[in-house]
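Colleague: I'm new to this one. Can you put it on screen and walk me through a few spots?

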Amino acid sequence: MLSETGGITPVILHKWIKTWSVLVTFVFLAGQHLPLFAAAPVVYDFRLVQGQAKLPAVAVYAEIVGTGDVPAKGIKAEDLKVSLGPAPGKVGRVVPFEDSGEGIGYVLMVDISKSLSAAQFLEMKETIAAFVDAMSKEDQAALVTFGSAVNTVQAFTPNHSKIKEKLAALQLTDDETAFYDAIDKGIAAAKTKDEGVPRRRVLITLTDGVNDIKSGAGKDDIMGRLATDPVPLYLIGFIQGRPTEAEESAIGVMKQLARISGGRYYDGRGGSWRGIYFAITRAIRSAFLI
C-alpha cells in the first residue's frame, strides 16, 4: 500500500521472479512534490502483475490504484526507484499501458462441460464475441476449450474474425471438467515464444472451477507454476443454484489462484457477464508499463 503524504514515503515491494534469478524491489516516493500541509492522504495499492526480462532491461506492468480502483495519474520515472537484487537500477520510463503502443495476448478459455445450460452457454459465447470485437488492433487472442480434455482450438492470432468463427462453432459436449489441466495448459499457451505475439499475456475464463478429473495436473502444480513464473488469471466463477461443498471449495481455490497470479476473481453468479468481461479489460488496460 502506498500512502501519498506531504513528505517522502518510501514503500518497498518485493517480487521474486525466479525465472530471471533477480529480486526486483521498487520504492515508490509518494507525494514528494506535495506541499508540507497537504490534504488528507490518498492511499494507493501498488501491485506488480506481470513482467519480462531481457537483461539488463526489465519491463514490468503494475497496477497503481486508489479508492474504488481508480488508477493513479501523473506517475513519473522519478517517483520510483528500483534495484535488481543488490544492484541499483534505473527507471527508464513509466507510461500508462494505453499509451505504450503495446497489445495484449489473451488466452480465452471456454468451459464446454455441461455445468451451463444451452442458453447460458450461448450467452457466454456472445459475451466473449463482444469482448473480441472490443479488442484493439494490437491485441491477439488464442482460444482454448476444456471439459474432459483440453484443446487449443486456435493459437494466438491477430485475426479477430477467425477467433469469433471458432467460438461460434463450439458446443457443450462434456460431462466432466479437467479444471487444473485446463489452467496448466492455458498458462503454457500464454507462454508461447511465437514471434509477433504481444509480450503481455493474460488468461480469462468463466467456469465453476470444479475439478472432476483426478489425473493430470493438480492444485499444487498450478500453485507452483504461478509462484515462480506467473500469468495473470482472470477467473469468473459461476454456479447453478445453491453451491455444493465441492463448488464452494472450488470458488475458494479460484480466488487463491487469481490472487497468486496477479489477476482477479469475479463472481459471475449475478449475471452481467458482459459487464464483467469489460471490467476485466478496464483493469488490465489501466496498468502502467515501467
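Colleague: Are Phe-131 and Tyr-277 buried or exposed?

Modeller: Phe-131 is buried, and Tyr-277 is too. Buried means under 20% relative accessible area, exposed over 50%, partly exposed in between (1.4 Å probe, protein chains only). A caution: this is a predicted model, where local features need pLDDT of at least 70, side-chain atom pairs count only at pLDDT 80 or more, and totals for chains, interfaces and linings use all residues. Residues are numbered from 1 along each chain as its sequence is written, and side-chain values use heavy atoms, with hydrogens and water left out.

Colleague: How many aromatic pairs does the structure hold?

Modeller: It holds 5. Rings of Phe, Tyr and Trp (its six-membered ring) pair if their centres lie within 6.5 Å; planes under 30 degrees apart are stacked, over 60 edge-to-face, the rest tilted. The ring centres of Phe-131 and Tyr-277 are 5.7 Å apart and the planes stand at 70 degrees, so this pair is edge-to-face.

Colleague: Which cluster are they in?

Modeller: One aromatic cluster, formed by Tyr-106, Phe-131 and Tyr-277.

Colleague: Switching topic. Where does Gln-50 lie?

Modeller: Gln-50 is in strand 4, residues 42-54. Strands (E, at least two residues) are DSSP runs, numbered from the N terminus. Gln-50 is buried, at 11% relative accessible area.

Colleague: What lies 2.8 Å from a polar atom of its side chain?

Modeller: The backbone oxygen of Arg-201.

Colleague: And which ring does Arg-201 lie over?

Modeller: Phe-156, at 5.5 Å from the ring centre. The cut-off for a charge over a ring: NZ of Lys or CZ of Arg within 6 Å of the ring centre and within 35 degrees of the ring normal.

Notes:
Helix = DSSP H or I, 4+ residues; strand = E, 2+ residues; numbered from the N terminus. Polar contact = N/O pair within 3.5 Å; in protein donor to acceptor, adjacent residues only side chain to side chain.
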